[in-house]
Amino acid sequence: MRKFKLFLATVAILLAGASAFAQNITVKGVVSDEAGEPVPAAGVLVDGTTKGTVTGANGEYTISVPSNASLRFSSIGYKDQLIPVNGKTVINVTLSEDATKLEDAVVVAYGTVSKESLTGSVTTLKSDEIASAPVTSVDKMLAGKLAGVSVSQGSGQPGSTSTIRVRGTSSITAGNEPLWVVDGIPMMASDFRQLAAVGVGGGSSSTFLNPNDIESITVLKDAAAASIYGSRAANGVILVTTKSGKSGRARFTARAKYGVQQLANDNNLRPLNGLEALEYKRTAVINAGKDPDDPTGSMYFPYTLLENGTSNWYKELTRIGSLQEYEVNATGGTDKSSYYSSLAYHKNEGVYNFLDFQRFTARVNADTQLTKSLKTGARVNLSYSDSHSPQMGSSYYINPQFAMWHPLPWHKVRNDDGSLNYNISEMSGNNPLGVGNDDYNDKEYRLQGSAYLEYKILPTLTFKTTNGVEFLFLESHQYWSPEGSKAGREATAFNIWTTDIRYTTSNTLTYDQTFGDHHVRAMAGQEAMTDTYKYLYGYSPGVDPQIPYPTTAPAANDQVDYSLVEETLMSYFGYLEYSYARKYSVQATLRTDGSSLFGSNKKWGTFYSFGGSWNIANEKFMKPVSGYVSQAKLRASYGVNGNNNISAYRAYGTYASVANLGVANGYAPSRPANPELSWEKNKTWNLGLDFGFFDDRLTGSVDVYNRLTTDMLLATQVPYTTGFGSNTKNVGSIQNKGVEFLLDGILLRKGDFLWTAGFNIAFNRSKVLDLAGNEFLTPSDSRIDDATGVRITEGRSLYTFYLRDWYGVNPSNGDGLWWAEDGTLTNDRTKARYIYYGSPEPKATGGFNTSISWKNFTLSAYAQFVAGNKVLSSNSYVDDGYSLTANTSTAALNYWKQPGDTGVTPKPVAQNPGVYHSLYSTRFLQDGSYLRIKDITLSYNVPSKVLDAVKIKGARVYVSALNPYTFHNVTALDPETGPLGNIEIGVHTAVKSLIGGVEISF
Amino acid sequence: MKRISLYILATVALVSLAGCGKDFLERAPKLQQTTEIQLATYDGLNGATLGAYYYLGSTGWYTCDRVVENEMRAGNGMKQSFKNSGRATQGYNWNYTADATNTTMWAYCYFTVAMANNVIDNLEGKADGEDVTDQDLNNLKAECLFLRAFAHFENVLVFGQPYTYVKANEGSLTDAQKLGVPYVYHTDPTAKPARETVIDTYDYIVKDLLEAESIIDPKYSRAGVADKLGTVNIYTIQALLSRVYLYMGEWQKAADYATKVIDSGKFKMWTAAEWPEVWGAEVGSGEVIFEVYGKISNGTNGSWDDISYLTNPEGYGDPVATPSLLALYEATDVRLTDGFRTDAKNESGYFWTAKYPGKGDRSPNDVNNVIILRLSEMYLNRAEAIMNGAVIDGVSGLDDLNEIPSHRGASTYSVLNRSNIKLERRKEFAWEGNYLNDLARWGDGVTRADADFVLGTQNQNVEFPSYRWALPIPKRELDLNENLVANPGYSNTK
């Protein structure tokens, strides 16, 4: 921290010392942009000297120069112009925007490269694509937009995170989320929330970033692009570049939007209403051989139950959610210094009661040219978020998503006096609306800051040091009020404080030289990172409800827990790039990483890649077709990178205290030492073709890849004579291979009319090659305790469902039937055979987008699709009448009624001994394919003629529908799942929103 | 320019300082003891020694299986349909394969060995001459040597043929028939130890026990534990030596070590009046030399799998005493009147052992101490040794034998012979898990009457010799350690 403070102080002092030059007059003029607007603070320099001036607020300048000199006019974001003076005393200049420069440059690891010399597989999103969709966080926006980047939300909860997989899942026990690098600093992109995050499955969180602050996002997919991130590159890298300032007088943009939300439920699944539920129960009772009208029987379901009215629990527990967001940003600067600054507020009140998410973000990005050779700048982002969640995702009756399917409709939400009804046995005395008395709250404070200093030692040689700090403080508070359930429980407070502090220093020396047709770029660098996570948990039962803080709980009952995790990483790396005549490029990268996570014999690992590209379109023989083929480039690469995404301390043998002989101070080995513990390795090759036709009116690319994960970290059986039964070892391998296809085109361009469209699709296939002797493994997910029905087995897709083999319903009597081991049919669940059946991995993923603009109107839409995956849905709440006390869903109504009925669910039988609804059967396995319209936006740019009158530079109004419709056949509210294909009970499903907004710049 | 250079220099210097510390990549867990740190100090080693008793208390070993399985195999226990949860079936039918053998016991014994070795190998140089003396270290070492020997002994009893049989037939048995278990001296995660012969395994056991006896402070007893008899002192070592020598047929040594324990005066025979109260005691007294201390709070607490629930007619209640066993006792014998119990309504006609009634920590899945060594055994060991030629001045083998029935309200014997010793050992140690080992070392097979074999499906009689007296080595271990040789006779080995 001291290092960082000192650095900031130094930067501040240097900033203060920097000032502009001034000179006398002989030439004068005005510098303006293509729209005729004056360009203030543009540089006017006598070419070949350091003498110069800057334009004033109205773009005017005066300068004294020799009459045979030339003047160089420059401003950030515009192309330089060189104009010979030739004795002229008035030179007015129009600067054109440097659009091509921006378009051709692609942000890659440790720098930018021209698209021409790119050898790796990268995919990019620009700010206009990012800003157009009014989403809450950046990760959500990536869904369906980037070929080979699969984003699943897993939860529709406000502030939720995403599961991101770049080219499939490559690891069983280590993490699979890509590395996030924001402005050159690898970030903590996991969700730290302790309470509000229950059920929010994804591992990638970017809620701390304001999407409008982002200039570009590049996803590095193959080894050539990503390997320079070494031991963290295996799952791909997401490079986020935030906006830099643009010189000129301060320009402001203000944005506001407001929207409403409801649960997405496009197949109209709902709990049964009063009459439906009663008749279903009665049928089940009759089928069980009992009389529903017998008041002395245990299955008494008379029609009189409906006499006092019913509750629609779905309706009562959901609400219209709201979403609002306000933002103002400013950018400006001189020719030497520029800044971008923004302040934004976001609030999302969920579609369930007591569920909300609020966020403030503030950012300052500043850059300044201290001297001709020295440049410095800083990127600082502050964020605060406040989340409340009534235990979404849990299988508790206080979670409304879970609860609403259970109460029988004649059990009402409220008593006649308006108070909440807790007297509902099927909800164990809970009422989800009672959670209003409780609290599940996370307040997260984050600071991400980095400052850099760039020194041009020679015109071709640049040293850059970037130093970052990331600070997270999370205050979590949970409170159980005595009123929250029927039982009248003890008032209990839970307080959790979490901190994570990470320092990163990144230092590079870059060489960039062009000799005629030869272009060489080389870089050598060093990085170091330390990360410290601490967690303090206090459990205080018996607090005074008037003062619900730990101080009022009996001290003897307090329980405290503590956690501390430290991690360090040290790296040395470099790349070498050579290209010839804009036709041939080769590139090599090398990185060696030392990590505290690994065994003493394997602290350091070396990773590398090679890549080459051939720009066929620049060859002479392509000249005859250059009118048609505007781009044609072949790329090939191979590389090895690593996955270090495992818990700390796994390499250390440990002792843990054990209780025996009536005391607790004995110690027994809890884990064997593993000095050989090392990273998982990914070996990837990639072949790609980029193409463009008709002056790039149609562009696209195809990539083919093979990604082999080896040295997988698996718990491996060892002889008991070693003192342990298993040890984590680097064994086993899996393979992901696939094809990605991307196409963008301008379909129609005529006058004021422009119609563009894009399409991407990716096919990934995984295969387990070696499990080191394990017959099979299960995916470890502590939250659902491996009860996923999914197995990992050699020779199969990484995840393959392994379930009881359901045949269907016996048309003659309505019983359920399974296939038995001997190939016969049986209605005995215990005799059902298990089979491997389908994978939750999609056969294809991708998206479409299109945009039509006419004059000032733009209509844009994009859709995301997932095809060929299987999902196991427990979300339909069908139990074939088994439970007498719980309601069921409309999916249960299509049941067997008479001999000959097929394509139905088994006939309902109360307390059905067949237990046909047992989840882990192919009965509940469904085709999970879906096509989701993610966004339709209609926007209108107010004409400048109108705006000029009120001194406003630009104004845009829009209306958007997010997730307006999803085509799917899954018996669930929504088909979107995580990688394991389980649509789980209680997890907040997706929402749809209607949003309107305005943007004004002035 | 100078200012800039200085600035860059300062930055680079700071970066280097931050990054280049020698230990930058070393981040050991602070909230858990690393093995290294645990074993670096006397206190850590002391805690690790206490921890090494841990697995003795697991249901896979002494708090259930070690006792119940042996009783079921030996013909003292049987299944019945009054209470049948499916438990205690495998041993009853002697139904073992390499896939279904006593793997847990194998594992726990070697876990215990590893824990003991970790301490033994790290004691050197930990004495400071003041707070920690060489004797303190020797006491820890003696405990660990005992546990190492004991664990190997337990395993060789299960997975090897009896010593006496191997010794007597050394010339005619195949190599595989003579194999005991690997004797592990050091913790090595890559080691794949081979099996020693039964003869060598016993030699190593004796060697460890003798060293333990020679270095332990005769007054030493582990401090701070709830049950001192749950830990090792010199008499524990001597009592086990008596048993080991007896099992080897080393009669004089068996008698000598029994004498040391008997003459110590530390242990006292229970009277017939005391006898009913000693089972289910919080801590052992009188005869108890070594026991496993049962406690709900033990990390190994088996809850419903504890012996006290399995042998409780109101619990699982699968194993009951065989009619043949019950018929051995005289009506006045306290071991009959108070050693067995019926179901609460007395409607089954079966009798369950009353040696594990629970100590009252919780009901019905209570816990119990399980006795491993006690004074009666020393008398009976000595009696048997004397009968076989051992000589102890002033001691009569018949008196030793009669020491037991005279304290149980039973008739005494007039002759010292094999059948009387066999009878008394069976009656005295019924449901303590040792009779099977007696049958093995005597070369007696198991013969079960039909009435003792209710619900039995196979192996009603198991003759001796037979491959069945050495259980199959777990297939998992055979697969992972190519140096292990399977026991002959079983089909699905490698």
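Of the 494 residues in chain B, 53% are buried.

**Chain B as a whole**

- Chain B is built from 19 helices and 7 strands.
- Its radius of gyration is 26 Å, which agrees with the value near 23 Å that a compact globule of 494 residues would have.
- Along the principal axes, the C-alpha atoms of chain B occupy a box of roughly 110 × 55 × 50 Å.
- Counting contacts in chain B with a separation of 6 or more, 70% come from residues 24 or more positions apart.

**Helix α3 of chain B**

- Helix α3 covers residues 42–51 of chain B, and because 8 of its 10 residues are buried, it is largely enclosed by the rest of the structure.
- Those buried residues are Gly44(B), Leu45(B), Asn46(B), Gly47(B), Ala48(B), Thr49(B), Leu50(B) and Gly51(B).
- Which elements do the buried residues of α3(B) pack against? From chain A there are β30 (654–660) and β31 (663–671), and from chain B there are β1 (33–34), α2 (35–38), α5 (103–120) and α6 (134–159).

**Where the two chains meet**

- The contact involves 50 residues of chain A and 58 residues of chain B.
- On the chain B side, at least two residues each are supplied by α1 (2–19), β1, α2, α3, α5 and α19 (475–480).
- The most comes from α1(B), which gives 8 residues to the side of chain B that touches chain A.
- By residue type, that side of chain B divides into 30 nonpolar, 19 polar and 9 charged residues.
- Strand pairing also crosses between the chains: β30(A) and β1(B) are antiparallel and joined over 2 bridges.
- In this pairing, Tyr655(A) stands opposite Gln33(B).

- Side chains alternate along β28(A), which spans residues 604–615.
- One face carries the buried residues Gly605(A), Phe607(A), Ser609(A), Gly611(A), Ser613(A) and Asn615(A).
- Strand β27 (residues 584–595) of chain A pairs with β28(A) in the antiparallel sense over 11 bridges, and Thr589(A) stands opposite Ser609(A).
- Strand β29 (residues 629–643) of chain A also pairs antiparallel with β28(A), over 8 bridges, and here Gly611(A) stands opposite Ser637(A).

**An open sheet in chain A**

- Five strands form an open sheet in chain A with mixed pairing, in the order β10-β15-β16-β13-β14.
- At the edges stand β10 (122–126) and β14 (185–186) of chain A; each has a single partner strand, so one side of each is left without a neighbour in the sheet.
- The partner of β10(A) is considered here: 5 bridges join β10(A) to β15(A) (residues 214–220), and the two run antiparallel.
- Across that pairing, Leu125(A) stands opposite Ile217(A).

**How confident is the prediction for chain A?**

- Chain A has a mean pLDDT of 87, and 94% of its residues reach 70 or more.
- Over residues 6–23 of chain A the pLDDT is below 50, yet this stretch has 24 contacts in the model beyond near neighbours in sequence.
- Residues 781–786 of chain A also stay under 50 in pLDDT, and the model gives them 7 contacts beyond four places in sequence.

Definitions and conventions. Residues numbered from 1 in each chain as written. Chains lettered and ligands numbered in written order. Predicted model: local features only at pLDDT ≥ 70, side-chain atom pairs only at ≥ 80, totals over all residues. pLDDT = per-residue confidence, 0-100. Contact = placed C-beta atoms within 7 Å. Buried ≥ 20, exposed ≤ 12 C-beta atoms within 10 Å, placed from the backbone. Helix = DSSP H or I, 4+ residues; strand = E, 2+ residues; numbered from the N terminus. Pairing = 2+ DSSP bridges. Rg over C-alpha atoms; globule rule 2.2 N^0.38 Å. Nonpolar A, V, L, I, M, F, W, Y, C, P; charged D, E, K, R; others polar.
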